[in-house]
Amino acid sequence: MKNLKLKAARAGKDLSQGDLAGLVGVTRQTIGMIEAGKYNPTLNLCLAICRALDKTLDDLFWEEEGKES
């Protein structure tokens, strides 16, 4: 399941996948895989991403029932 909320938040901060990856200490490919729904990040990585984007876990990673993000 794609994480479009993460992609939108990253774009809203005018950050590339590489920029965000550098801020949180992972590779650009990792951010791309999270956005594509092909990788489930650890809680620590989720928190680092949230801090970098000034968002909460709910904002970026919570799925509403019956909806896909």
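I began with helix α2, and on one side of it I found Gly-22 and Leu-23 exposed. The model I am reading is a predicted one.

I then turned to the other residues of α2, which spans residues 17-24, and noted that Gln-17, Leu-20, Ala-21 and Val-24 are buried. These four lie on the same side of α2, because they cover an arc of only 100 degrees around its axis. Looking for what covers the buried residues of α2, I found that the cover includes α1 (4-12), α3 (28-36) and α4 (43-53). Just after α2, I recorded a positive phi of about 80 degrees at Gly-25.

Next I searched the whole structure for salt bridges and found two. In one of them, the side chains of Glu-35 and Arg-10 meet at 2.6 Å, N to O. This pair links distant parts of the chain, since Glu-35 belongs to helix α3 and Arg-10 to helix α1, 25 residues apart. I checked the burial of both partners, and Glu-35 and Arg-10 are each buried.

In the other, the side chains of Asp-54 and Lys-13 meet at 2.5 Å, N to O. Asp-54 sits in the loop between α4 and α5 and Lys-13 in the loop between α1 and α2, so this pair ties together parts that are 41 residues apart in sequence. I noted Asp-54 as exposed, with a relative accessible area of 57%, and Lys-13 as partly exposed, at 36%.

Last, I looked at the surface, where Leu-43, Leu-47 and Leu-57 form a nonpolar patch with about 230 Å² of accessible area together. Leu-57 is placed in helix α5, residues 57-61, and is partly exposed, with a relative accessible area of 32%.

How values were computed:
Residues are numbered from 1 along each chain as its sequence is written. This is a predicted model: local features need pLDDT of at least 70, side-chain atom pairs count only at pLDDT 80 or more; totals for chains, interfaces and linings use all residues. Side-chain values use heavy atoms; hydrogens and water are left out. Patches are made of residues with over 30% relative accessible area and no salt bridge: like charges are joined within 9 Å, nonpolar side chains (Val, Leu, Ile, Met, Phe, Trp, Tyr) within 5 Å. Accessible areas come from the Shrake-Rupley method with a 1.4 Å probe; for residues, only the protein chains shown count as cover. A salt bridge is a side-chain nitrogen of Lys or Arg within 4 Å of a carboxyl oxygen of Asp or Glu. Helices (H or I, at least four residues) and strands (E, at least two) are DSSP runs, numbered from the N terminus. Buried means under 20% relative accessible area, exposed over 50%, partly exposed in between (1.4 Å probe, protein chains only). The arc is that of the directions from the helix axis to the C-beta atoms. Contact means heavy atoms within 4.5 Å.
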